[in-house]
Amino acid sequence: MPSRSSPASSKRPSPAGRRGVRDRAVQQCGCRQAGGRADVDVYEAVDSRRAVRAFSEEPVSREILERVLAAATRAPSSGNLQPWHVYAVTGEPLAELKRRATARALAGDPGDEREYPMYPAELASPYMDRFSAAAAQRYEALGIERDDPDRPMKIAALNTQAFGAPVVLFCYLDPAMGPGQWGDAGMYLQTVMLLLRAEGLHSCPQVMWTMYRETVGQIVGADDGHVLFCGVAVGFEKEGVPRLRTGRADLTETVSFIGG
């Protein structure tokens with residue numbers, strides 16, 4: 001089994017002039033500064049990645065985004081199809097998208113016709129158990145009562161603001177692609193999110209954006225017919241807010257070892 005270095009042993013002083021917010025974020029994921037980016041233990045990157053729902057206003061540079069997205073092209077891709085197409089939206093285009101989508105959410109707009117279901121129509125145990133437990137944790141962290149009649153609208157409005165993130169990545173797929181390519185897109189986005197940890201950044205994958213896919217399409221100019229897979233909010237985590245870390249099933253529930 002590969003050895004795992006602890007966060008304490010994998011840190012070294014950051015270069016002079018590095019902003020404090022990045023220093024703290026890098027330290028939290030057990031990173032080492034190297035050549036303008038962080039040298040991260042893979043286990044620490046995976047362990048520190050979580051869906052952050054409160055971002056600071058600090059901008060993310062184009063240089064960092066290009067570095068992450070260029071490196072992520074090495075993600076697995078069956079047949080090397082590389083079926084994803086990503087729009088990285090920042091600045092005024094993102095602000096306008098947030099305004100339009102939030103207006104729809106606050107007006108009680110149920111959203112556009114779904115191109116694919118977010119979840120199966122019926123979830124049995126243990127899937128519903130896990131879903132319910134995670135939902136309860138999210139509502140508590142967001143300060144929204146579970147029985148609040150305006151809960152769906154409040155949650156939608158928080159989502160359409162991308163939780164304050166200064167960047168949202170929108171991942172599209174050609175409708176001709178099948179389940180295998182959708183799986184490839186998931187592996188690609190996981191690669192992106194892990195690389196973001198090497199930059200001291202956090203993320204939050206948001207399937208919610210598919211509810212307002214027409215509004216997103218108007219802003220990004222997506223190819224007609226392409227399917228919006230999801231958005232990924234990107235930024236530095238806001239300080240002084242509750243940090244949500246959902247639980248995971250025991251290994252025995254999800255893995256079976258066959259053989260010696």
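How many helices and strands are there in the protein chain? There are 10 helices and 6 strands, helices (H or I, at least four residues) and strands (E, at least two) being DSSP runs numbered from the N terminus.

1. Basis of the model. This is a predicted model, in which local features need pLDDT of at least 70, side-chain atom pairs count only at pLDDT 80 or more, and totals for chains, interfaces and linings use all residues. Residues are numbered from 1 along each chain as its sequence is written, and side-chain values use heavy atoms, with hydrogens and water left out.

2. The chain overall. Of the 260 residues in the protein chain, 40% are buried. Buried means under 20% relative accessible area, exposed over 50%, and partly exposed in between (1.4 Å probe, protein chains only). The chain exposes about 14,400 Å², and carbon and sulfur atoms supply 53% of that area. These areas come from the Shrake-Rupley method with a 1.4 Å probe; for residues, only the protein chains shown count as cover. Take contacts (heavy atoms within 4.5 Å) between residues at least 6 apart in sequence: 80% of them join residues at least 24 apart.

3. Helix H5. Leu-94, Leu-97, Lys-98, Ala-101, Thr-102, Arg-104 and Ala-105 are buried. They lie on the same side of H5 because they cover an arc of only 155° around the axis. The arc is that of the directions from the helix axis to the C-beta atoms. Glu-92 and Leu-106, on the other side, are exposed. Cover for the buried residues includes strand S3 (84-90), helix H7 (151-160), strand S4 (167-173) and helix H9 (213-220). Just after H5, Gly-108 has a positive phi of about 80°.

4. Arg-104. This H5 residue is buried, at 16% relative accessible area. Its side chain makes a polar contact with the side chain of Asp-112 (2.8 Å). A polar contact is a pair of N or O atoms within 3.5 Å; within protein, one must be able to donate a hydrogen and the other to accept it, and residues adjacent in sequence count only if both atoms are side-chain atoms. Beyond neighbours within four places in sequence, Arg-104 is in contact with Asp-109, Gly-111, Asp-112, Met-211, Tyr-212 and Thr-215.

5. Helix H7 and strand S5. In H7, Ile-155, Ala-156, Ala-157, Asn-159 and Thr-160 are buried. The buried residues of H7 pack against H5, helix H6 (127-142) and S5. S5 (residues 202-206) is mostly covered, with 4 of its 5 residues buried. S5 and strand S6 (residues 227-235) run antiparallel, joined by 5 bridges; two strands pair if DSSP finds at least two bridges between them. Cys-204 has Ala-233 as its bridge partner in S6.

6. Backbone points to check. Most residues other than glycine have a negative phi, and most peptide bonds are trans. Ala-162, in the loop between H7 and S4, has a positive phi of about 55° and counts as buried at 0% relative accessibility. Asn-80, in the loop between H4 and S3, has a positive phi near 55°. Asn-80 is exposed, at 52% relative accessible area. The peptide bond from Ser-125 to Pro-126 is cis, with omega near 10°. Pro-126 sits in the loop between H5 and H6.
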